[in-house]
Amino acid sequence: MSNLQSVRGTHDLMFDDVLRHRHVEERAFEVAKRYGFSEIATPVFEFTEVFTRTLGGTSDIVTKEMYTFETKGGERITLRPEGTAGVARAFIEGGLAQQTPLKFFYRGAMFRHERPQKGRQRQFHQIGIELLGVPGPQADVESIALGHHILTELGIAGTITLELNSLGDPESRAAYRDVLVNYLTARKDELSAESLERLERNPMRILDSKDPGDRAAVAEAPLLSEYLNETSRAFFEKVKTGLDALGIAYKINPALVRGLDYYCHTAFEFTTDALGAQGTVMGGGRYDGLIGQMGGPATPGVGWAAGIERLSMLLKETPTAPRPIAFIPVSEAEDAVVQSLAARLRKAGFIVDVGYSGNMKKRMNRADKIKAVAAVIIGGDEARDGNATVRNLTSGEQTTVSQNTLEAALAAFRQ
Ligand code: ATP
Ligand code: MG
């Protein structure tokens, strides 16, 4: 196989795809700014440890999905599989603990070595937020509300369900963990090899296993919600009443666990059945233990990430690109005057596409193809008299104007 083709699981973005993609990204950031978020752009690669320390040794990402390589200098580097670890690293490194609360929005490419299929790529893109330094449930509510607001602005909230759960505080989780391990140990024979391994290190991950044997074994497992202590219950209640007050509907899903040790309290996902198996468009939760676990000052945090490709697929229509004005020299003799007029109009803010070659018909066809709103045609007569013919490509109406007043003549076609 030739190596001059794209790597499996990667995609080129152009035409409609790129319009949809950027629309998601830009609208999301616009909305995030209304909530007081500012952008953070961390590097696309980090030392491998940034991810192994934060994501833990048993997560799918760390065990199977990371693109890791050794540099010529012998450093172990990983292409970022997700955004939170890099933001946490930047927070610690920048000594930002005194500046909390901090609200960060990010967007960019992520890399995971998984089996490519619809809505699942090896290089994909996320938008995401991290809200750092707020211990109370209002931060959870606001993060979810922002996610919901973005989906609404994109016109896709109607096809999406918010699933919600509480993972409790560390004390509740420790109590539940013991109960769960006991329960699953008694049903060890039914568990997959992978789950057997997790039984010791991260038993809660078994709850969201897709293996049929595991699913049967956990079907009647005790629920974490029954082991939440008073603090955890009160916290969860406040998140729910906060969402109720904002009119954001949710479905409690007791099986929704985000299996990393540092997650606590709120866990949520926005899901859809419009995308087949890849139904989760946005996922997040509270991660109060993360920054401490990375060696930083204990700092609570909550955030989410969403896949731009999956959101793009849900958009009902492709946003329209601004339409250019086609500048058309009739023959080579008019090239120079057209180029200088084009330069003048571009400086004034117009979108101008100059037809390079071919006969008049070819150039007009190109104007059609690029969806030009108008054509500015300059032939020998116009050039001699200092004029230009302006054709409205929607109505076909045509007028001759002085080149000196072209800005005014084209004002209606400005995009
Ligand atoms: P999944 O269960 O689909 O593998 P995940 O739990 O691994 O998702 P997160 O790590 O929470 O996903 O990432 C947040 C979002 O990023 C997902 O909800 C999804 O929209 C998107 N995403 C994750 N992995 C991919 C991928 N390989 N290709 C495209 N989008 C992805
Ligand atoms: Mg995954």
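A residue is taken as buried when its relative accessible area is under 20%. In the predicted model described here, L146 has a relative accessible area of 0% and is therefore buried. L146 is located in helix α5, which covers residues 137–153. Beyond its neighbours within four places in sequence, L146 makes contact with V31, A32, Y35, F37, I129 and W304. The C-alpha atom of L146 also lies 9.0 Å from that of A28, although 118 residues separate the two along the chain.

The overall architecture provides the setting for this site. The secondary structure of the chain consists of 15 helices and 16 strands. Its radius of gyration is 28 Å, well over the 22 Å that the globule rule gives for 415 residues, so the chain is more spread out than a compact globule. The C-alpha trace spans about 90 × 55 × 40 Å along its principal axes. Of the 415 residues, 49% are buried. Among contacts between residues at least 6 apart in sequence, 68% join residues at least 24 apart.

Strand β9, comprising residues 264–271, is mostly covered, with eight of its eight residues buried. Two pairings of this strand were examined. Strand β7 (residues 161–166) pairs with β9 in the antiparallel sense over six bridges, and T161 is positioned opposite T271 of β9. Strand β10 (residues 280–286) is likewise antiparallel to β9 and is joined to it by six bridges. In this second pairing, T271 stands opposite T280 of β10.

T42 lies between β1 (38–39) and β2 (45–47). The relative accessibility of T42 is 16%, and because the limit for burial is 20%, this residue counts as buried. When residues up to four places away in sequence are set aside, T42 touches R80, G86, V87, R89 and A90. Burial is therefore assigned both to T42, at 16%, and to L146, at 0%.

Note on methods
Residues numbered from 1 in each chain as written. Chains lettered and ligands numbered in written order. Predicted model: local features only at pLDDT ≥ 70, side-chain atom pairs only at ≥ 80, totals over all residues. Heavy atoms only, no water. Helix = DSSP H or I, 4+ residues; strand = E, 2+ residues; numbered from the N terminus. Rg over C-alpha atoms; globule rule 2.2 N^0.38 Å. Buried < 20%, exposed > 50% of the residue type's maximum accessible area, 1.4 Å probe, protein only. Contact = heavy atoms within 4.5 Å. Pairing = 2+ DSSP bridges.
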